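Here are some friendly notes to read alongside the structure. Keep the 3D view open and look up each residue as you go.

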Amino acid sequence: MRDIKIVMHQEFEGTGRMDEEEFFIPYSLIEKAYKTEREWSAKDNILKIHITKAKFLEIDKYDYKGNYLHFDKNRVENWNVEFDNSGIPKTKYSYGKYYNPSTIAHYGLQHYSLYLINKNIKSKENFMKTVNWFIQNQDSRGGWAYGFDLPFYPKRLKKLLAPWYSAIGLGMAMSVLSRATSLTGDGQYATAALKANNIFKTPAENNGILAKFENKFFFYEECPTNPPSFILNGFMYSLIGLYDLYKATNNSETFNLYKKGILTLKRMIALYDLGNRTAYDLTHYTTDGGYPNVAKWGYHITHIHLLAAINSIEKDKKLNDALVRWKEYLIGKVKYV
């Protein structure tokens, strides 16, 4: 064997070995140049190389009263939060500490899911703390407005000015309150959630969350920007929230909002598919951004979980085909012409 110089992408250099027709390249160089991730087992003497070590969990049958998207695996306590005297998490941002309805709902749904598994009274108490927060902090429009300005993608969009509503916050609150009705048998919680329906029907420019793709498809905005940002995960969270609320109340308006959203998802799903990963939003299309905002692997996993839950309800070929592709991207399969 003899030493050779390795150059990758005309940027990364290192020393490797050559043995007749075979090349041996230091993995540290491959990892840097191709952004892979290693998994070394000294016990088994095996080196595994992944595009990402992130893994999805199967969701074959979504239950509106069940474990919410495997949230028993969540640990909001380890997020960038601090808890107030009532046990409610406040999110710490560089510009202050604020109540974020989505984070609070994450925490509640985490403990609801844990309670289903462990029957620990503390988990139930933590869940009900978040339920009570949503009941006590619901505003006159039926929602939970964000009380801080948000500089979402400042290079492309103007800052969102408080107060503003978010599809993810409203949708996840619906999932919390629907499960509270299921857990306690008290219909007041799901009834309260129904008050938020009107914000789903209100255009973003009128302080709602509704944007229309191609001037007809209902899209519920996580960040109601102008022009629309069309954030995928927040939209799908809101669809699940509407579905949960419909199942808990049999309310026709809620079902109509859900079905309109499903039509939109089927129409738009291909726009988020980049052939090797998913896009986080469509700001490259709605603004002069010029390039996709590629989802980090953690968000790609979130897209898979949300789409799997929705597809288990809808059983739609187009959604299922996208789901299969998105799972394959995690093991390096790429779609070429």
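1. Start with the largest pocket, which has a volume of about 1,000 Å³. A pocket here is an open set of points on a 1 Å grid over the protein atoms alone, where a 1.4 Å probe fits, with protein on both sides within 12 Å along at least five of seven lines; lining residues have an atom within 4 Å of a point. The volume is the space filled by probe spheres set on the points, which are joined across faces, edges and corners. The lining has 36 residues, and I168, E222, N233, Y280 and Y299 are the closest to the pocket's centre.

Before going on, please note that this is a predicted model, where local features need pLDDT of at least 70 and side-chain atom pairs count only at pLDDT 80 or more, while totals for chains, interfaces and linings use all residues. Residues are numbered from 1 along each chain as its sequence is written, and side-chain values use heavy atoms, leaving out hydrogens and water.

2. Which elements each supply at least two residues of that lining? They are β7 (89–93), α2 (101–118), α7 (232–249) and α10 (297–314). Helices (H or I, at least four residues) and strands (E, at least two) are DSSP runs, numbered from the N terminus. The largest share, 4 residues, comes from α10. By class, the lining has 21 nonpolar, 12 polar and 3 charged residues. In this count, Ala, Val, Leu, Ile, Met, Phe, Trp, Tyr, Cys and Pro are nonpolar, Asp, Glu, Lys and Arg are charged, and the others, Gly among them, are polar.

3. Next, find strand β10 (residues 217–220). In a regular strand the side chains alternate between the two faces of the sheet. In β10, F217 and F219 lie on one side and F218 and Y220 on the other, and all are buried (under 20% relative accessible area with a 1.4 Å probe, protein chains only; exposed is over 50%, partly exposed in between). β10 pairs with β9 (residues 210–213) in the antiparallel sense over 4 bridges; two strands pair if DSSP finds at least two bridges between them. K212 stands opposite F218. The hairpin has 3 residues between the strands, and E214 takes a positive phi near 55° there.

4. Leaving out residues up to four places away in sequence, L69 touches I59, Y62, Y237, I240, H305, L306 and A309 (contact means heavy atoms within 4.5 Å).

5. Most residues other than glycine have a negative phi, and most peptide bonds are trans. The bond from A162 to P163 is cis, with omega near -5°, and P163 sits in the loop between α3 (121–136) and α4 (167–184). The bond from N226 to P227 is also cis, with omega near 0°; P227 lies in the loop between β10 and α7.

6. Finally, look at H9, which has a positive phi of about 55° although it is not a glycine. H9 is in the loop between β1 (2–8) and β2 (12–19), and is partly exposed at 45% relative accessible area.
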